[in-house]
Structures are given as C-alpha cells and as structure tokens.
Number of protein chains: 2
Amino acid sequence: MTLSFRELNNTKTEDLEITDERPTTLTGAKRQGQNLTLDTDLYELTMSVGYSLLGRGARMACFDVYYRQNPDNGGFCVFAGLESAIEYINNLAISTEDIEYLSGIGVFSREALESLKSGIRFTGDIWAVPEGTIVFPNEPLIRITGPISQAQILETTLLALVGHQTLIATKAARLCIAAKGAPVIDFGTRRAHGTQAAFYGARAAYIGGCAGTSNVKAGKVFGIPVKGTHAHSWVESFENEIDSFRGFSEVFPNNCVLLVDTYDTIQGVRNAIQVGRELKLRGKQLVGIRIDSGDLAYYSKTAREMLNEAGFSNTKILASSDLDEWLIESLQQQGARIDTWCVGTRLMTSYQTPALGIVYKLMAVDHGEGVMVPRIKISHNPNKITNPGVKKIFRFYNGGNRMIGDLIAQIDEPIPHSKSVKAHHPMYDYMKKVYKPPFEAAELMIPVFLKGEQVYDCPSPANIRNRVFQQLGELEPELKRFSNPHIYKVSLSEKLYRVKKNLLSFYQNKAKSENKSR
Amino acid sequence: MTLSFRELNNTKTEDLEITDERPTTLTGAKRQGQNLTLDTDLYELTMSVGYSLLGRGARMACFDVYYRQNPDNGGFCVFAGLESAIEYINNLAISTEDIEYLSGIGVFSREALESLKSGIRFTGDIWAVPEGTIVFPNEPLIRITGPISQAQILETTLLALVGHQTLIATKAARLCIAAKGAPVIDFGTRRAHGTQAAFYGARAAYIGGCAGTSNVKAGKVFGIPVKGTHAHSWVESFENEIDSFRGFSEVFPNNCVLLVDTYDTIQGVRNAIQVGRELKLRGKQLVGIRIDSGDLAYYSKTAREMLNEAGFSNTKILASSDLDEWLIESLQQQGARIDTWCVGTRLMTSYQTPALGIVYKLMAVDHGEGVMVPRIKISHNPNKITNPGVKKIFRFYNGGNRMIGDLIAQIDEPIPHSKSVKAHHPMYDYMKKVYKPPFEAAELMIPVFLKGEQVYDCPSPANIRNRVFQQLGELEPELKRFSNPHIYKVSLSEKLYRVKKNLLSFYQNKAKSENKSR
C-alpha cells in the first residue's frame, strides 16, 4: 500500500513505513555513498572551526534551506535531491590525508586542525519536505537544527545537490505539462555539466515526470526505463541510408526506431517505410521513426500521413531538436503529430534558468543561555529579508482537493482545523488573508534525521514520481502556465509575523543608536 | 623548462616531455579514475553492438569533436576537459553486473551482450588540441580514429566532459579579461550542477585564469589556491556584528577578511576598521573586507575612502553578488574600488549560455575496402554541414605574434611555410583569403592516444593556465570584446574545400535520382 501524500505528511515518524517494492539493483538512501565532505567552500570549514575555538561550537543553531524565485518565472518547483543530501550527511568524514592537505594551506592553526578532525559529523535533527513535493519560494525545504559547528558545514554541499536536482525536476515537470500526457524522454546526458550532473539529472528528470532516460547508469542504478534510437553517424557509416536502416532492423528487430533526417527527411521516411514493410514480412514491426531537424510540425504531419497511408499507423513519431516547454506547446498548437518528445539540452541544463537561487540561512541560534533566539538577515532588498525562527509549513486545500496556500508557522503552532486562520504577506502589512473553514490542512515537513540518525527511508524514484503526478493534479492550472502564471500564496502565521516585525524594529533602532554614538 | 605553446605543438610525440613540477597530491592523467562507461546514452551501446553484429565493427572510422558557436556570442573558447577525457578512456570497462543489467532491458540479444562484453575498449588513435588552447567554432578539438564499434561509444561521455569544462574555462577567461588583471576567485560551488560539476568546474575556472577557488576538494586534488571569507551566518550567530568580527580575527589573525554587509554596510566597514585597529595592536593586519550586496560601485568607493583615512590602505576590498563579465566591466568603468572579484553563479553555470553546442561527428569511414572514405552530414542549415575527412588544423601568426587565422586541412597536407596559402570559407564560394608570407604556422593537434596507449602526459592545471594567459596575449583584442566581437577566420584548405564540394554535389545528384525513381 502506498500512502497518499497527505496521509504521509500527517503520519508520525515511527509510522513512516512506505511500502515500496524496488528491484535489488536500486539503491536506497543508506547505500554506501561517496564522501563529499571536502566538496564544499573553504569558509564552511573556517567558520565551523571558528565557532569551536571560540567555545561556541556546541551552541544549537537552526538553518533553513529555501529558494527565492521559481526558475523560468514559473509558478512552482518540484523539490528533489533529498536522497543525495541524506547520502552526503551519512558519509561525512575527514581523513588524515584531508587534514594533511588542510594543514598546508596556511589558514588553520594546529588547534584548528585538531578541532576539524573531531568535529566533522552531524548529530542534530533534519526535517524536510519529501522529494517530489511541489514547493514555492521562501518556504523552508530543509530545516537543519544542531550544534552550529556541525550545522554550518552542510551549507554548500546541500545547496549544490538540492539546487541542481530541484532545477531539473522542475524543468521536467514543465515539459510534461507542455506534452499533455505524451511521453517526454531525457536525452540530455551529453549536455549535462559532466557525468554526475547527467546521472542525478536523469533521476531528477524522471521524478519530474519524464518517461525515461538515455542515461544507462541512471537506468541501472535508479531503475529508470532507458531509451534510445541511433545517431546520424549510424546512417553515415553505411553507403546508403536504406542499407543502414536494414542493418539496424536486422540487429534490433524488436526495437527498431529509425532516424530519418540524415540526408533528406521525406526520403528518410520513405526508406523507413520500406524497411518497415520488410520487418512486417518477418513478423516484426517498425516501432518508430525519429525526426531531429527542420520544421517538426510540417515533417511530423507529413510523416504521419505517409506512415498511415502505408499501413504503419502504429509506428510512433519521436521528435528531438532543441525542444523546450514553449516549443512543445507551440508545436502542439500547430497540430504536430509527435508521439514522444526527446528533450536534451534545455532539460538537462535547465537552459533558461541554469541556477536556482537556493540559500542556507541562519534562522535561530542559542547565544549561550540554552534558548533558541530567532535571527534575521536584513537587506536593502525586502525580498531578501529572512523569515526568522524555527518554523514549519502548513498547506491548505479546498474542498476540491486543490492547494490554496501555504502558511509558514512557528514550530510549536498546532495544525489548523475548523477555525479561521489569519495569514500575513511576509513583508507587507496591508496584505492579509484569512483561511476560513471548511479547509483541509497538512504539515509538509517530515523528520529525516533525529539526533544524527537517519529516520526516513527514501522512496524509490518511481514512487516519488507518482507523488509529483498526484501533487500536480492538486495544483490550480493557472499555476502551471508558462507565461506570467498565478502566484501561489505563501504567508506567515500571525505569531511568526509578529516576531519578524519585532526583530526588524529592534535592528532598526539598534542601527540608529549605533549611528548616533559615532 | 616549460615549452612555449608553439614549441610544444611543433614537437614530435616522443619529445613531449613537459617539465612540470607538481606536488605529490596532484593527480596526473594516469591516476586511477572512475569508470564512466555506462555514463552514456544507450544508443552508443546499441550502435556499437550493431556495427559488430553486422560484421562492420572493426572497420576504421574517424570522428571529430567540435562546437558550432562560441558561448555568450563571444569571440573564442578555451579548450578544457582533456585530462578527464583521457581518464575516462583509460578506465573503459564493462562489468558482469553491467551486462546483467543490460540483459534485462529488452534491447540486446544474447549475441549482442557477448559482443558488448568483449567490445568495450579503445585501441585506436586520438589527437587533440592541448587543454588551454584558444579555439574557435567548427574546428576539430579532438579527433578519434579507431574501429567504429569502439570509437562510436566514446561520443556522449566525451561531449559531457569536454563541453562542460570548456564552457567554464571560457567563462573564467572572459571574467579575467573584464577584471583587467585583478584576481577573480571561483565562489560557485553551491550553484554548480552537483558536486562533480563544482569540482571539475573549479579546475576549468582556474585553467581559464581564476586566481583561486572556494572548493576545498579542487584545492586538494588539483593544487589550486583555495580561498574563503565567512558568511552572513557567522555574523548573525553573534549578538553584535563587532563581536563576530572580533571572534573571527581572534581565530584567524593571519587571514582576516570580514564580510561587512550583514546589517548595514557602512556600519560594517566601521566595525571592520575597529577590529583592524585591534589587530594592528597585536602586530597583525586586516587583510580585507567583502561586500556582498547593494551598489558595489558606491560601497567600494566609500569603503576605500574610509579604510584609507583610517590607515588601512593595504586592506583589500573583495566583492561578490551576481557578478559577471558585463557587470565587472561596468563597475570598473564607474570607478569601483574592487581589488578581488568573487564570482559564483554566473561562472559555475556559465549562466547566460549553460550548454556548449559541442558535437561528435563521423568524418570518414572504411566501407570495407581498407580506405577511409570522407563522409558528410547534410543539413537544411548550412552551418550544420560537416567538413568531411580526416583533418588537422594549422594556425597562422603574423610578425607581431598574433593569431591571424586557422586553416583546417587534410591530414596529409604539409605545414605551410614561405609560400602563399589559399584559404576558403567553409561554405561560401566567394569568400576566400590568402595567407601571404611572412607568417608563422603551427599545427594545433597533438597525439594523445596511439593504438590505444596514452602517449601524452597531461600538464598540471597551473601549466595549462599559463598557456591560456600566453594564448590570450596572442589574440587580437577585438576578439575579446563581449559585445559583437570580431569573428576569427577558420577556413578550409583548397584540397579540403574541393572534397567537401564534391561530396555535396554527389549527394545532391543522388537525392535527385532517388526522388525521380519514385
């Protein structure tokens, strides 16, 4: 039995048993991962050591991971990368060789190196929204609470892992929305930022809704359906296109998809039909053709007619060639007859927005009195002012099972039900909203590490992908528009809003008095 | 002794001994790398097996790696990623576990799997331009010659490695050009597409001219100077900014760079000066301050004045905050007093052009008669038509030691000297050029693998970086402009141009006759 998203999120930790059949080749989050401890900015190590040497390293701190703006000016993100983050934290360790290297860079004292040697581990708590959750700007996606010298160190690596994978999962979801149910395949390995970006990118793309990937390792490790046709070079290596098609059909009679545009697309379709007839005589069929250049609307319509006339109405038409969500949408509007969309560059690099503005901000810290004091980062840019304190997220649904808004609340606030709830815009006093019953509310964040121990078992990519489909169904269509989508409301609870306002005035007054004292 | 670029390129393989002192922690190209064999598109395996099963696998083929357009509409690229490519090829291998996985995906027959088991290796030749070479669209960067079933397989992984690293090295070079000699530091690890992209990205950024990186692992493995300050969270974790600065100066008295914009930048500079005075009393100095928000021109100028007035004229000003080459150029024009540019997102993702249109194209193949026949890929887009055959590149220099043009020639053409050389535009008949003596010419490609054996010893990143500096000095300033730069001429030799024209007419006539026969 698979729990629905909302059932899952209202379940206690100890009940978090997700039934999840997966082949043995699939990796769970507890598999032995890579040690990424040094895959970080130097300043994380510097600060961690600094806290410790000043006797502050054990003070509890709370950091939030969140992003500020949806990529592609879109309406949402698909959260991904949690499994990688878990793997990273489980494998935190610093070797003697690492310490030796660090001793040579002229930054760390002997005392500092000693502190590093013993300080690289995580004994705190981490809560996060599950992978595959639809999320929005400025709400906490991961909340890290622990001794500050430990919690600080996680920043850079967590951001690199989660930022990248969220970006690709989001792009994949957008592509699938554009494709309106037709399969989208990740063909982007060659354009990814190296092989690891391709590997985790393929996983993220699958989570986001892609039907498969060309990446063989991702197929093997994550159980993603792996797909492929052949390249122009296959055709060019033969003296004639038709010979190359015949050759391919001979070796792969059950998976024969032919690339028809090496020389002349129409002639390529004719040759494919000829080989399709020969396959029929052998009791096999021409599975598909792929068009990789030219006007995909014109060529797909023409090819469809030619295939149908020749009795190949079951032969699929695959298209590739710098596709993105806007082009797919536009090709569909123009009646393109494309059955499968093969997307590379624009998916695997999130071409139009290749970085997510994801950050790791201090939200509360113990100043030595055993109390977590909310902290705020002030900025000239109001959108960059943080929402202070240790927080959680409630998501509201209307009777139609659609998401209607998220509320960031303080950690001790109870889940709202049957009473009206005031919701404040994060910055503007005059912008308020009231959620009136009947509504349903769910808490989004679940425990992942408690006292340094992993308490969450990562679902399989296939299960995460199902959750994305389910959640996209709960999202208003206006939020899925590619141009100028509706803005989903992420508000602050009354309690949290008061804390934020008080902190802001406190620092304003403090700055004034400091300026006066000069 | 380090050979100059041109000396290097006119040297025979066996003499390619680059004196290159490197710390033992640095990795040479022959270090045990990762096995990336399955980090590829399925279709590479499919085609490789297909060639073999049709009895064509051993036929020699020649593939070129090249790109079609400079990123950011720039004037050049800095080639990078060859060391990774070499490591990949040296570690090609398929495991029993891999074969087991592949047997389950429903594509490969038992015979096909047998062929894969024995076929994954490379016994051919690879020539390439050395890392750090300034390169241009449409010229071969890597030339792979070998049995087609082996050579085909390298495509996807080579492109992912070389495309990514070339992109980042190029961006770094552009940033350094904008910074006019001031150091540029890579701070982009958190925005990279995962940790491996950050690691190889840091190497590429350093090669391209960056003075250092924040990435600790890249510092350790590649010997890149590793740099860092502290984050806003350091300041926020203390009750007062000045206490946080004091704390940092106490723990890192010799590396004290203070981030001044957590609350109020001007007040932050005042606090930094105060802590600088306290450091002076202890015989130490305030190394720098960093500004991460606001108008960097205004704040850097104001901070410079404040620091100078207070006797801290040696204290450096570092700046970060969504920097790119255009912003750096503009800030410099407005008199910003920034000593060090810390660049993250825009460098590490090559933000404005996050993918290089790099391709792997079949250039010649043996059809079974023991002769390499030039092949051409025809396209409706003239820029996508390939330059056929096995080729090499000559680079011409004028008396002022400036690059004046590249000539793609057939493999057997001798290096030009003391005679006029005709150069053809790759597509347009009427566009010709003659290189008249006196000129110097150098051959760009060097052997990397011969008969499957690595014959090239990769220089250290520091040596490659020096080569980039040297080559950028040989490049006309008009090619380094960010907006609408001059276009460097990459031409075809007369012999090659004739082959291309003949092949084009051959296929046109063939297409005509095929259309007629319907």
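In which sense do β8(B) and strand β9 (residues 288-291) of chain B pair, and over how many bridges? The two strands pair in the parallel sense over three bridges, where pairing requires that DSSP finds at least two bridges between two strands, and strands (E, at least two residues) and helices (H or I, at least four residues) are DSSP runs numbered from the N terminus. Within this pairing, B:L258 has B:I289 of β9(B) as its bridge partner.

This is a predicted model, in which local features need pLDDT of at least 70 and side-chain atom pairs count only at pLDDT 80 or more, whereas totals for chains, interfaces and linings use all residues. Residues are numbered from 1 along each chain as its sequence is written, and chains are lettered from A and ligands numbered from 1 in the order in which they are written.

**Strands and sheets**

In chain B, six strands with parallel pairing make up an open sheet, in the order β7-β6-β11-β10-β9-β8. Because β7 (212-213) and β8 (257-259) of chain B stand at the edges with a single partner strand each, one side of each is left without a neighbour in the sheet.

In chain A, strand β16 (residues 421-424) takes part in two antiparallel pairings, which are set out below.

| Partner of β16(A) | Bridges |
|---|---|
| β17(A), residues 432-435 | four bridges |
| β21(A), residues 490-493 | two bridges |

Chain B can be laid on chain A with an RMSD of 0.0 Å by a turn of 180° and a shift of 0.0 Å along the axis, the superposition being by least squares on the C-alpha atoms of residues with pLDDT of at least 70 in both copies. The two copies are therefore related as by a two-fold rotation axis. Both copies use the same surface, since 98% of the contact residues of chain B recur in chain A.

Counting two residues as in contact if their C-beta atoms, placed from the backbone, lie within 7 Å, 88 residues of chain B are in contact with 87 residues of chain A. Several elements of chain B each supply at least two residues of the side that touches chain A, among them α7 (155-179), β12 (358-366) and α17 (494-516), and the largest share, eight residues, comes from α2(B).

**Domains of chain A**

The domain assignment, which is automatic or taken from a database, gives chain A domain 1 (5-169 + 353-383 + 447-486) and domain 2 (171-348). The C-alpha centres of these two domains of chain A lie 36 Å apart, and the contact between them takes 27 residues from domain 1 and 25 residues from domain 2. On the side of domain 1 that touches domain 2, α7 (155-179) and α16 (461-473) of chain A each supply at least two residues, and α16(A) gives the largest share, seven residues.

**A:K377**

A:K377 lies in the loop between β13 (372-374) and β14 (391-397) of chain A. With 19 C-beta neighbours inside 10 Å, A:K377 counts as partly exposed, the class between buried (20 or more other C-beta atoms, placed from the backbone, within 10 Å of its own) and exposed (12 or fewer). Leaving aside residues up to four places away in sequence, A:K377 touches A:K361, A:I385 and A:T386, as well as B:H232, B:E236 and B:T262.
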